[in-house]
Amino acid sequence: MLDLQAIRNDFPILDQEVNGYPLVYLDNAASSQKPVQVIDAVANYYRQDNANVHRGVHKLSQRATDAYEGSRSKVRDFLHAKSDKEIVFVRGATEAINLIAQSFVRPMLNTGDEVLISHMEHHANIVPWQMLCEQTGANLKVIPMTTIGELDLSTIDELLNERTKILAVGHVSNALGTINPIKDMIKKAHAKDIPVLIDGAQAVPHMVVDVQDLDCDFYVFSGHKMFAPTGIGALYGKQELLEAMPPWQGGGDMILSVSFEHTQYNELPYKFEAGTPNIAGAIGMGTAIDYMQGLGIANLAQHEHELLVAATEKVTALEGVKIIGTAKQKASVLSFMIEGVHPHDVGTIFDQQGVAIRTGHHCAQPVMQFFGIPATARASFAFYNTMEEVDALVMGIKKVQELFA
Ligand code: C6P
């Protein structure tokens, strides 16, 4: 059992009123809130240790380097990766996907080759591949989706073929909440020697992830959705693949030696971390991992599951409301439409009652196109949410219906 009041006390931002109501924050899929432990870790770094990493012999630089590299080890442990060399700090999931597209996939793509994604991807896992296909003459292929928002894997054996150079798929859909059967998909792709990238942006805040058990080649996520600061995230890559890849960006710290004739690149993971990194962000992300692990990620997942089940039951029972995305396996996200009301109006009326949800296409326009809708209203839960907040969601819907009756 989680002590929710104690947990909520760790998140100072939750204790405020918005438009005269207690804030109900249900926009965690867009960005989660930060516990005081993370805020303090970032502040203390700037107060006590601030210096550049890997460069100075002086004490502050050593402390900054230790804290930064300590966070890398925490991410390695969090993902159950083999080695710190497999963890590259990036700005977030978006940057990690672009890095893999340009450094790993681009050199092996020829005209007529294929990149395979799914219909429920976030734009961050569509557009970099589309750009790559335009650059190389390759084709983007899409795994279809069913009307309940599950991947339709009936044609996966044909979609994974000798032309496929990578499968890039989301672990959890941000627009629908669907948990995809990525372990099976990875197995199928590997049977044909096709590497797999998993976009874990919506998974890591909600479940234990074990990249060795999944056997994925690459796994990416953003810190800000898992209680860490913005502007930091991680790319996991199997060491032998990262070793063989060229650097993506050039600059300081990613080199061993430079002359005008030749540059020798640094070893992993520094080869992929050109320039001064987001040191404070990495430290904050390590602290966020400590925080989640301290509470037990499985406990957090269980509580969120109960919130989602309760919210789904209550919203399903309402007349004139349709849930978009009713997959059997879901995490955190409840997307819905209220009959006769544009989702943006829903969001505005919710805000007037202090309830923060996201409305729009959620950077997943192909999902909206599939369902023939412009947008949805989306409530997304984190472990600090309560059953009372589920009730606030239901009340919010009723209020919208009253106003639009
Ligand atoms: N989704 C949402 O409201 P960045 O922007 O790099 O931190 O994360 C991009 C991203 C990639 N994949 C998935 C599955 C995501 O959900 C996101 C971000 C937010 O749903 C903001 S658009």
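Start by selecting helix α2 (residues 36-49) and helix α3 (residues 59-79): their axes come within 10 Å and cross at roughly 160°. Angles over 145 degrees count as roughly antiparallel, so α2 is roughly antiparallel to α3. Keep in mind that this is a predicted model.

Next, show the side chains where these helices meet. On the α2 side, pick Tyr 45, Gln 48 and Asp 49; on the α3 side, pick Leu 60, Arg 63 and Ala 64, which they contact. What kinds of residue make up the contact of α2 with α3? Three are nonpolar, one is polar and two are charged.

Now move to the sheet. Select β13, β14, β17 and β16, in that order: these four strands form an open sheet with antiparallel pairing. Which strands lie at the edges? They are β13 (321-324) and β16 (358-360), each of which pairs on one side only. Look along the sheet to see the twist, which averages 30° from one strand to the next.

Zoom in on the edge strand β16. Its neighbour is β17 (residues 376-380), which runs antiparallel to β16 and is joined to it by three bridges.

Terms used
Residues numbered from 1 in each chain as written. Predicted model: local features only at pLDDT ≥ 70, side-chain atom pairs only at ≥ 80, totals over all residues. Heavy atoms only, no water. Pairing = 2+ DSSP bridges. Helix = DSSP H or I, 4+ residues; strand = E, 2+ residues; numbered from the N terminus. Axes fitted to C-alpha atoms, helices over the stretch in contact; angles between N-to-C directions. Parallel < 35°, antiparallel > 145°, perpendicular 65-115°, else oblique. Contact = heavy atoms within 4.5 Å. Nonpolar A, V, L, I, M, F, W, Y, C, P; charged D, E, K, R; others polar.
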